[in-house]
Amino acid sequence: MSHATVSAHTVKRVFNFNAGPGALPLPVLERVREELLDWRGSGMSVMEMSHRSPEFEGINAAAEQKLRSLLGISDDYAVIFLQGGGSMQFSMVPMNLCLPGKPVDVLHTGAWTAKAIGELKKGILHNIAASTEPEKFTRLPRFDEIKFSSNASYVHICTNNTIEGTQWTAPPETGPKTGDVPLAADMSSDIASRPIDVNKYGLIFAGAQKNLGPSGVTVIIIRRDLAERADKNLPTLLQYRTHIKEKSLYHTPPTFAVYVVGLVLEWIESLGGIPAIEKRNDAKAKLLYDTIEGSDGFYRCPVEKSSRSKMNVVFRVAGGVSRSAAAEDRPRRHTGPPLRRRDAYLPVQRRYLRSRRSSHQLHARIPPHPWLKKSSTVVNHKNNNARRRNLLLRAIVFQRSFRLNRKAALRRRPRRSARRPSPRRWPLHRRYQVACRSASRYRAPLAHTHAAPALARASLFHRRQAP
Ligand SMILES: Cc1ncc(COP(=O)(O)O)c(C=O)c1O
């Protein structure tokens with residue numbers, strides 16, 4: 001395919017609701033496309049530039065400057081771009097900010113604070129100052145429930161719990177005076193979504209892939225004095241002071257990701273800055289929560305109203321298995337009554353619809369079938385009749401799900417073998433088709449085809465119908 005054909009194709013963009021990597025603004029992607037081969041007359045792509053070149057130093061400095069002006073970050077704070085994602089910070093923050101004999105206080109509010117605690121458990125003194133785990137993280141701790149240590153090194157908080165759909169509206173006071181005990185905030189999923197007072201935090205970190213750009217770069221905003229807490233014997237690359245001193249260029253940074261972050265920040269600025277973004281987020285969240293509330297219980301938000309996130313709106317489909325949001329993120333394990341094999345492939349919503357329809361609703365919706373009507377006179381056995389009706393019903397349900405869920409159905413299809421498979425191994429819809437065909441075509445008995453008992457009964461029925 002030539003370059004010409006690629007650009008001639010119209011781009012089909014979908015609605016992307018992923019939490020991260022999230023959708024990037026189209027104007028940003030178009031700008032990337034324009035500058036991909038030749039960044040502003042440099043004759044090369046940003047991906048090919050030396051990170052020591054004046055061009056890239058300019059890109060790096062501009063991205064930092066934009067973030068400073070949008071979030072109102074003072075000179076007391078350093079802004080650095082690192083690698084390793086938000087997860088790397090679960091280790092790097094305690095490595096750099098822990099003071100001997102002083103614990104890390106954690107506000108445990110979900111899967112991401114659990115990961116941070118997991119790292120602390122590897123030998124760092126810590127204290128869970130509050131946890132809403134017993135309530136499956138469906139709310140945030142109230143201020144009066146939090147029990148800070150008297151001498152904490154710092155407090156770890158996740159301002160927006162991506163998976164659980166909770167968000168702190170204001171950070172808790174961590175000492176008699178703001179800043180007494182520094183607050184280290186994981187803002188991976190709500191940075192730049194609303195105005196914040198950076199001075200209330202000692203350190204903020206955020207993987208860029210949700211709100212600021214592509215994956216690969218993590219933004220750190222750190223009070224300069226805190227970076228000096230770290231032991232100088234820590235690995236060089238794991239000390240914040242190294243990156244502050246070298247303006248994020250101690251080693252090769254994720255250059256392209258930093259460039260795209262700069263473009264996203266420029267785009268935010270063009271819309272009217274963070275207050276304008278907050279307005280958009282408010283409107284989007286309202287639309288979603290109103291829809292959930294107005295769905296007459298079909299959708300249900302498990303999160304307490306006062307703790308609800310404007311960034312990640314979680315909901316359950318009524319009748320779905322009620323589990324903790326964190327559990328939802330794990331590979332799904334069915335906890336209800338045993339599923340038929342094919343049901344296991346269906347998403348929860350489909351299972352719900354199926355379970356409601358399949359029994360009485362679908363039953364009622366099936367038009368009266370000539371077989372069913374006649375069968376009562378031909379096979380004058382109540383049980384047999386019910387079984388046949390059941391067989392037909394299952395075939396219809398299967399066909400419906402086959403159409404609706406083609407992929408899953410294809411996965412279930414028996415392998416084609418060179419030999420014609422025995423009818424005993426045919427899937428139900430096949431038996432059903434054969435049974436239908438036999439009604440119109442065959443007079444001869446079908447018993448010798450070794451059909452399964454259900455098919456045999458059906459064929460017996462056809463034979464009885466034959467003139
Ligand atoms: C709140 C929060 N913290 C941390 C992370 C981990 O980020 P990363 O995948 O960049 O390590 C995520 C990722 O989804 C997140 O939502």
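**Exercise 1.** Determine how the axes of helix α3 (residues 54-71) and helix α8 (residues 255-271) cross.

*Solution.* The model is a predicted one, in which local features need pLDDT of at least 70 and side-chain atom pairs count only at pLDDT 80 or more, while totals for chains, interfaces and linings use all residues. Residues are numbered from 1 along each chain as its sequence is written. Helices are DSSP runs of H or I with at least four residues, strands runs of E with at least two, numbered from the N terminus. With axes fitted as lines to C-alpha atoms over the stretch in contact, and angles running from 0 to 180 degrees between N-to-C directions, the two axes come within 9 Å and cross at roughly 40°. The angle therefore makes α3 oblique to α8, a class left over once under 35 degrees is taken as roughly parallel, over 145 as roughly antiparallel and 65 to 115 as roughly perpendicular.

**Exercise 2.** Decide whether V155 is buried or exposed, and find what V155 touches.

*Solution.* Begin with the location of V155, which lies in strand β4 (residues 154-158). Next, apply the criterion that a residue is buried with 20 or more other C-beta atoms within 10 Å of its own, exposed with 12 or fewer, and partly exposed in between, C-beta atoms being placed from the backbone. V155 has 25 other C-beta atoms within 10 Å and is therefore buried. Finally, taking contact as C-beta atoms within 7 Å, and leaving out residues up to four places away in sequence, V155 touches D105, L107, A129, F148, T174, V181, L183 and A184.

Technical notes
Two residues are in contact if their C-beta atoms, placed from the backbone, lie within 7 Å.
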